[in-house]
Amino acid sequence: MSPEAPRKPRKRVAILGGGAAAMTAAHYMSRTPELRERLEVTVYQMGWRLGGKGASGRNLAESARIEEHGLHVWGGFYYNAFRLMQECYGALDRPPGCPLRTWTDAFQKHPLVVWEELVDGQWRHWPVETPLNDGVPGTGGEDPTLWQHLQTLIGWIKNSIFVFPHEDVRAAAAAPDTAALLHGVHAEALSTTPDGTNHHGILSGLERLRGWFHGTLQDHIWRNDEARRMYILLDLAQAVVRGMLRDGVPWRGIMCIDEHDFAEWLGRHGATSGALTSAPLRGYYDYFFAYAGGDASQPRISAAIALHHLLRLVGEYKGALFWKMGSGMGDAAFGPLYELCRRNGVRFRFFHEVKELVPDGGSRSLAAVRLRRQADLKRAEYQPLVTIAGLPSWPSAPLYAQIVDAQAAEIQRRGANLEDPLTDWDGVADVELQAGRDFDAVVLGISIGAFPQICARLIAADPAWRAMAANLPAIQTQALQLWWPGDAGSLGWDMGNATGTGYGQPLESWSDMSPVLPLETWPAGSKPGTVIYFCGIMDTPELPQRRDPGFLAGETGRADARAADWARQYLPHLYPRAGAPLARYVRANCTPSERYVLDLPGTNRYRLEADTSGLDNLALAGDWIFTGQGGAVESAITAGMLAAQALTGEDLRIRGALPSPWRRRPSLRRLL
Ligand SMILES: Cc1cc2nc3c(=O)[nH]c(=O)nc-3n(C[C@H](O)[C@H](O)[C@H](O)COP(=O)(O)OP(=O)(O)OC[C@H]3O[C@@H](n4cnc5c(N)ncnc54)[C@H](O)[C@@H]3O)c2cc1C
């Protein structure tokens with residue numbers, strides 16, 4: 001028998017934070033026996049739960065109701081995110097009877113979107129039942145190219161004009177010259193492979209079309225809801241096509257329009273003022289919380305990010321335009337991820353607040369990570385989940401019985417919130433992770449809002465970090481959940497389960513989440529029939545420089561007052577027969593890392609990539625790195641995959657991530 005080769009010591013990876021990006025990285029560095037043999041992965045998470053901006057918690061004092069950071073729906077085009085969920089649920093193989101046993105239990109198709117239109121000072125519902133298809137998100141062949149998206153859009157414009165919901169426009173479109181123009185532009189788009197020189201015929205056809213189309217608009221058409229709405233969509237679609245061609249987006253790449261604000265860009269390419277102030281465009285800004293400083297009067301989003309996301313959202317979706325979760329996002333996504341990673345040997349260090357990343361003298365490597373342990377546990381490991389209605393779930397507060405009694409009592413006496421770095425509790429011990437001793441590589445999965453505190457040395461030492469921190473602002477958001485006794489019909493809503501946007505701020509987006517109610521444990525006799533989640537932007541103050549437990553309380557109070565004002569003014573239009581709710585939950589997402597990262601025009605150049613932190617043992621993971629996608633679950637999960645791929649060298653077949661045209665640094669050192 002030949003002696004066995006000595007086992008190489010495993011490389012140690014410290015993952016800081018446990019949001020979507022960080023947990024994705026943890027999964028892709030632990031999912032196979034080979035990886036587990038070569039890597040030892042530890043997640044350091046502040047407080048008691050995973051999920052970050054996507055965390056949800058069960059309020060054990062309030063019928064285990066689900067309390068979210070904010071409404072979350074997933075786009076049907078999310079490829080990496082759904083693939084992760086499919087892998088995760090598949091590997092977990094939950095037992096029969098578990099409420100979210102498979103990924104299709106956890107995610108349901110959600111086709112109905114409602115925009116809110118303001119017409120003559122009155123709000124009107126604009127429902128859009130988007131078509132379902134047989135696709136399965138996270139599967140399938142190649143994604144369409146930008147040019148293919150453009151061809152599809154031109155085809156849609158042509159067909160929609162021929163069946164326009166007003167006979168005057170239909171009749172005008174049927175005139176021989178116009179019909180020939182419409183067919184001609186489409187045929188030329190289909191037969192052209194663009195190279196930057198041969199698109200002028202299509203463009204001049206589109207210019208003529210624009211003149212004709214705007215000429216058809218009469219007051220009586222604008223006053224007809226169906227006609228006006230189709231007019232707006234066609235107007236926006238034509239501006240997109242013209243803008244893409246004029247600016248050379250298909251051959252220069254989408255980032256060539258990053259400098260522009262999306263609405264301004266559409267306006268430059270001929271969108272009318274009616275379209276630029278329309279509900280769909282407002283709703284799209286709402287969807288990205290795209291308001292500088294959280295100020296409703298400052299809508300701003302990179303045209304590149306907005307367009308890339310939009311083309312994929314409407315042109316690549318599988319199954320349904322949106323998918324909704326069958327529980328809180330914590331329990332639908334992060335519970336299973338935690339369970340699987342745990343089973344795959346990932347170690348979790350809850351109650352560990354990262355305080356500082358320390359580079360070495362030359363700033364070429366990360367030398368140490370300084371943390372503060374927030375509490376001591378009675379047992380070696382914290383068990384973070386509780387089972388509610390058969391489902392492993394995250395509680396909305398620490399499970400204090402697992403914390404050393406005196407500390408648990410003091411934390412509760414002070415009302416300290418262990419997810420808030422400003423809270424009135426400074427933890428119990430310093431912890432220092434050292435390069436070589438405790439880690440071979442680090443994945444930074446904490447969000448950029450916290451960087452002025454935790455990455456101050458990197459920001460001071462490196463102009464690229466300085467530029468990134470200065471140019472990627474993050475804003476506060478706020479959430480409201482209302483539980484009512486009857487079903488949505490009894491509240492005066494008769495359109496079925498919908499997600500709405502484009503409504504009055506600050507709670508401009510909402511969704512009927514009543515399907516999650518069976519997972520809550522309301523007493524018989526006071527079971528709600530409906531729960532609606534609302535969320536939106538919040539004007540964003542500077543963070544206090546010093547510990548200030550009053551900040552979170554103050555912002556929560558402000559969110560509460562804003563929600564109450566909003567409900568008085570706006571709720572009656574949505575739910576005209578709603579009486580007093582059974583229960584109400586308000587939340588301000590105001591701590592540094594909870595703040596939503598904006599995609600302001602001209603800022604993509606400042607985003608570092610997963611592998612270009614400039615430190616050879618530091619990978620970056622979060623919706624704030626460069627992926628070419630907007631701040632959303634898909635970009636965070638893509639980022640986590642990119643970080644894992646950079647460290648392991650494994651090709652993870654990532655979809656939708658664009659290479660940065662501003663890449664300027666060498667990649668970090670691979671572990672494997
Ligand atoms: C209200 C709201 C609604 C949204 N709705 C949608 C939606 O419908 N669809 C969609 O696709 N996207 C939505 N998003 C965006 C999506 O939630 C984010 O893009 C995504 O969750 C970001 O993940 P992340 O991993 O980049 O960062 P985060 O989720 O912020 O993760 C950061 C992690 O670091 C931890 N952390 C922070 N500070 C420390 C510290 N000092 N020490 C240790 N750990 C720390 C956090 O607790 C967290 O675990 C929404 C966002 C918000 C705020």
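Predicted model: local features only at pLDDT ≥ 70, side-chain atom pairs only at ≥ 80, totals over all residues.
Local features here need pLDDT of at least 70, side-chain atom pairs count only at pLDDT 80 or more, and totals for chains, interfaces and linings use all residues. Residues are numbered from 1 along each chain as its sequence is written, and side-chain values use heavy atoms, with hydrogens and water left out.

Around the ligand sit 33 residues, and Q45, K53, H72, Y78 and D623 come nearest (near means a heavy atom within 4 Å). On its own the ligand exposes 1,000 Å², and the protein buries 94% of that (Shrake-Rupley method, 1.4 Å probe).

What kinds of residue make up this shell? It splits into 13 nonpolar, 17 polar and 3 charged residues; Gly counts as polar, and Asp, Glu, Lys and Arg as charged. Domain 1 (11-89 + 328-471 + 601-648) and domain 3 (474-597) each give at least three residues, with bounds from an automatic or database assignment.

Strand β11 gives the most to the shell, 3 residues (strands are DSSP E runs of at least two residues). β11 also belongs to an open, antiparallel sheet of 3 strands, ordered β11-β12-β15. β11 (352-359) and β15 (429-434) each have a single partner strand, so one side of each is left without a neighbour in the sheet. β11 pairs with β12 (residues 366-373) over 7 bridges, where pairing takes at least two DSSP bridges; E356 has R370 of β12 as its bridge partner.

Notes: Helix = DSSP H or I, 4+ residues; strand = E, 2+ residues; numbered from the N terminus.
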